[in-house]
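Trainee: I would like to learn how to read a helix and the loops beside it. Could you take me through an example, step by step?

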Amino acid sequence: MNLSTYAVTLNVGGHIYTTTRATLIKYPGSLLGTIFNVVGKVPDILLDDQGRYFIDRDGTVFRHILNFLRTSQLVLPEGFKELRLLQMEAEFYRIQPLIEALKGYRY
């Protein structure tokens, strides 16, 4: 089995997300790309009590980060009010294409 197709479950600020390793490493220079682009070893990241990878960040906004990683498109709900928070999270995760996409939105 290709390592990129493995399912990965994340606990981001108490919100549980499941995706593929390929999605997380889509942008190799990003924080997630760096953490999960390891071959033959477990990523060096904290696990929660259920064995899920734990990231102590905003779990609600992470859904938009994950959707961007999946599609390379920034699609936000109408009236989205947390652009600054999403920008901050994009910078934390070092996802340069998302940072660039957010520049087209007004705060």
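This is a predicted model: local features need pLDDT of at least 70, side-chain atom pairs count only at pLDDT 80 or more; totals for chains, interfaces and linings use all residues.

Trainee: Which residues of helix α4 are buried?

Mentor: A residue is called buried when its relative accessible area is under 20%. In α4, which covers residues 83-93, the buried ones are Leu-83, Leu-86, Gln-87, Glu-89, Ala-90 and Tyr-93. Because these residues span an arc of only 165 degrees around the axis, they lie on the same side of α4.

Trainee: What do the buried residues of α4 pack against?

Mentor: Their partners are the strands β1 (7-12) and β3 (53-55), together with the helices α2 (31-36), α3 (59-71) and α5 (96-102).

Trainee: Where does Arg-94 lie, and is Arg-94 buried, partly exposed or exposed?

Mentor: Arg-94 sits in the loop between α4 and α5, and since its relative accessibility is 42%, Arg-94 counts as partly exposed.

Trainee: What is the phi of Ser-72, and where does Ser-72 lie?

Mentor: Ser-72, a residue other than glycine, has a positive phi near 60 degrees, and its place is the loop between α3 and α4. With a relative accessibility of 34%, Ser-72 counts as partly exposed.

Methods. Residues are numbered from 1 along each chain as its sequence is written. Side-chain values use heavy atoms; hydrogens and water are left out. Buried means under 20% relative accessible area, exposed over 50%, partly exposed in between (1.4 Å probe, protein chains only). Helices (H or I, at least four residues) and strands (E, at least two) are DSSP runs, numbered from the N terminus. The arc is that of the directions from the helix axis to the C-beta atoms. Contact means heavy atoms within 4.5 Å.
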